Each structure stands twice: as C-alpha cells, then as structure tokens.
Amino acid sequence: MTKERGQVVYSSPTCQSYAVETSRGYTIIRASNINDRPYTGDILYGDLNYYGYKSFYNYTDGTIINGEVVEYGLSYNQAQAALDYYCY
C-alpha cells in the first residue's frame, strides 16, 4: 500500500483535531497528544483516507506523529462542520 500525501490546512493550539487536504478531499485527524499535532502548512504522509489510529510521517519537520483518522473524504464544507463538532 502506498502512502498518501496531504497538507495540514487547519491546526489550532486549542483543538486536538486538525484538518488535512488530500487528493480525495479533507481528512480530520485527532492527535494522540499535544506533541503529535502538526502546524498548518505541514506536509504529512500516511494512510490518510482510512479510519483508525495510526502513525504519520511529518515531512516538514522529519518526525513521526500519531493520531486517529475520524473522518475522511470530506468536502470543504463538511470538513468545516466536522471541525466545529470536534473542536467546539
């Protein structure tokens, strides 16, 4: 299985979840802890379009981060609604 590339388009210090734009739409990932949350603009590689807990390679800073894919294949508006649900 090849790893997918995505770019973090939303990450906030006040929310454990963040949004990643992939070739198949938007993915919402819940970070396993505060240190596993990337910054907006970071490039991630991993299984971004499958549910479950997994590890991702943060290409931007060369680290492995962990999190759970809770939503994937979302449109822009669906991703905004999901972030409202998970963050507020």
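Biologist: Through how many residues does a hairpin join β1 to β2?
Modeller: This model is predicted. Strand β1 covers residues 4-10, and strand β2 covers residues 17-22. The hairpin that joins β1 to β2 passes through six residues.

Biologist: In which sense do β1 and β2 run, and how many bridges join them?
Modeller: Two strands count as paired if at least two bridges are found between them. Strands β1 and β2 run antiparallel, and the number of bridges joining them is three.

Biologist: Which residue in β2 is the bridge partner of Y10?
Modeller: Strand β1 comprises residues 4-10, and β2 comprises residues 17-22. The partner of Y10 across the bridge in β2 is A19.

Biologist: Over how many bridges do β2 and β3 pair?
Modeller: Strands β2 and β3 form a hairpin, with two residues between them. Within this arrangement T22 stands opposite G25 in β3. The pairing of β2 and β3 is antiparallel, and its bridges number six.

Biologist: Why is strand β2 described as largely enclosed by the rest of the structure?
Modeller: A residue is buried when its relative accessible area is under 20%. Strand β2 is largely enclosed by the rest of the structure because, of its six residues, the number buried is five.

Biologist: How many aromatic pairs are there, by the ring-centre rule?
Modeller: Rings pair if their centres lie within 6.5 Å. By this rule the number of aromatic pairs is five.

Biologist: Is the aromatic pair of Y26 and Y76 stacked or edge-to-face?
Modeller: A pair of aromatic rings is described by the distance of the centres and the angle of the planes. For Y26 and Y76 the centres are 5.9 Å apart and the planes stand at 70°. An angle over 60 degrees counts as edge-to-face, so the pair of Y26 and Y76 is edge-to-face.

Biologist: How many residues apart are Y26 and Y76?
Modeller: Y26 belongs to strand β3 (residues 25-31), while Y76 belongs to helix α1 (residues 76-87). Their pair links distant parts of the chain, and the separation is 50 residues.

Biologist: Is Y26 buried or exposed?
Modeller: The limit for a buried residue is under 20% relative accessible area. Y26 has a relative accessibility of 14%, so Y26 counts as buried.

Biologist: Which residue does Y59 pair with edge-to-face, at 6.4 Å centre to centre?
Modeller: Y59 is exposed, with a relative accessible area of 52%. Ring pairs link Y59 into a cluster with Y45 and Y57. The planes of the edge-to-face pair stand at 75°, and the partner of Y59 is Y57.

Conventions
Residues numbered from 1 in each chain as written. Predicted model: local features only at pLDDT ≥ 70, side-chain atom pairs only at ≥ 80, totals over all residues. Heavy atoms only, no water. Phe/Tyr/Trp six-rings, centres within 6.5 Å; stacked < 30°, edge-to-face > 60°. Helix = DSSP H or I, 4+ residues; strand = E, 2+ residues; numbered from the N terminus. Buried < 20%, exposed > 50% of the residue type's maximum accessible area, 1.4 Å probe, protein only.
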